[in-house]
Amino acid sequence: QLRQAQAMLDKAASSNQQRKQELGDDYYRLYSIALSRLDIDSAGYYLLRRAALDTTNVDWQLQAGQFARDMRDDITTATILIERAYSQATLQYDAQSAIMATTLHELANIRAKQGNVAQAQELYQQSIEIRKKVRGNDSPAVAETLNELGILALQQKDFDNAMRYMRQSLKIRQDKLGDKSAETAESLSNIGGVYYSQNKFKQAQSYFQQAVDIFASLSDAPMRKYATAVNNLGGAYFQLGNKEQAAKQFDKAYQLYKQKLGENHPLTINAKANRDFCNSH
């Protein structure tokens, strides 16, 4: 009788999990449709519904958390989701697994957003060590974390370490993904950002231009990163005294941001303000 009862419970649990998966897939389809229509609020709603459907699903928590952070600048919601993902990952996966490394990486991104530099650095280092063991020292996943370490160092005005991390990331991406990949373009843009922060605007303009050219050549370029590179290029032109070219780049960034993030996102508004400032002066 006990075995029969356990078999019935197992069957019910399996059926329930299958229903959750099917409903989760439906939510993801609705999310994709909403995002294609630039309906950011609805897209976020569907990802949140999916995350709430199964709070033990690490991937669902991470995706909803990334969306809240990157698309809506909602750090409070992103923190809840990604901390939940980390908690579940520690329960479900080996401490040296690839998904654990990804979760640590995303948690580090949250801590960096919160201004907790020391913890962010520690989490990035944990992630990178696991990624090296799982994927190899020169894997694109390692390059991704090196890139984030470089950004964190740049925010602290630690230009030497920022450049060191970003050049390490660039080399891996060029070797493994090619000179014309979106990841390589991102690294080039970030190196330009280091030069820009040091008031080396000519060098910055060169790297931003390389990044923009690569993004423009890709049919599936990540719009937000593309827009950021274009916006940065506009800033370099402005600092070099070429307001006409700066306004052109700011307008292009505005159009790209609007296409990806919508009219009311802070990055869209900022690019438009930069364009209007150049045109009025």
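I looked up Tyr28 and noted it as partly exposed, because its relative accessibility is 34%. The scale I used calls a residue buried under 20% relative accessible area, exposed over 50% and partly exposed in between, with a 1.4 Å probe and protein chains only. The model is predicted: local features need pLDDT of at least 70 and side-chain atom pairs count only at pLDDT 80 or more, while totals for chains, interfaces and linings use all residues. Residues are numbered from 1 along each chain as its sequence is written, and side-chain values use heavy atoms, with hydrogens and water left out.

**Aromatic pairs**

I searched the whole structure and recorded nine aromatic pairs. Tyr28 and Tyr31 are separated by about one helical turn, because they lie three residues apart in helix 1 (residues 2-36). Helices here are DSSP runs of H or I with at least four residues, numbered from the N terminus. Tyr31 counts as buried, at 12% relative accessibility.

I next noted the tilted aromatic pair of Tyr196 and Phe208, with 6.4 Å from centre to centre and 50° between the planes. This pair links distant parts of the chain: Tyr196 belongs to helix 9 (residues 182-197) and Phe208 to helix 10 (residues 201-217), 12 residues apart. Is Phe208 buried or exposed? I found Phe208 buried, with a relative accessible area of 1%, whereas Tyr196 is partly exposed at 26%.

**Charge over a ring**

I found the charged end of Arg164 over the ring of Tyr165, 4.5 Å from the ring centre. The criterion is NZ of Lys or CZ of Arg within 6 Å of the ring centre and within 35 degrees of the ring normal.

**Positive phi**

Most residues other than glycine have a negative phi. I noted Asp73 with a positive phi near 50°; Asp73 sits in the loop between helix 3 (58-70) and helix 4 (75-92). Its relative accessible area of 33% makes Asp73 partly exposed.

I recorded Lys157 with a positive phi near 60°, in the loop between helix 7 (140-155) and helix 8 (159-177). Lys157 is exposed, at 63% relative accessible area.

Key
Helix = DSSP H or I, 4+ residues; strand = E, 2+ residues; numbered from the N terminus. Phe/Tyr/Trp six-rings, centres within 6.5 Å; stacked < 30°, edge-to-face > 60°.
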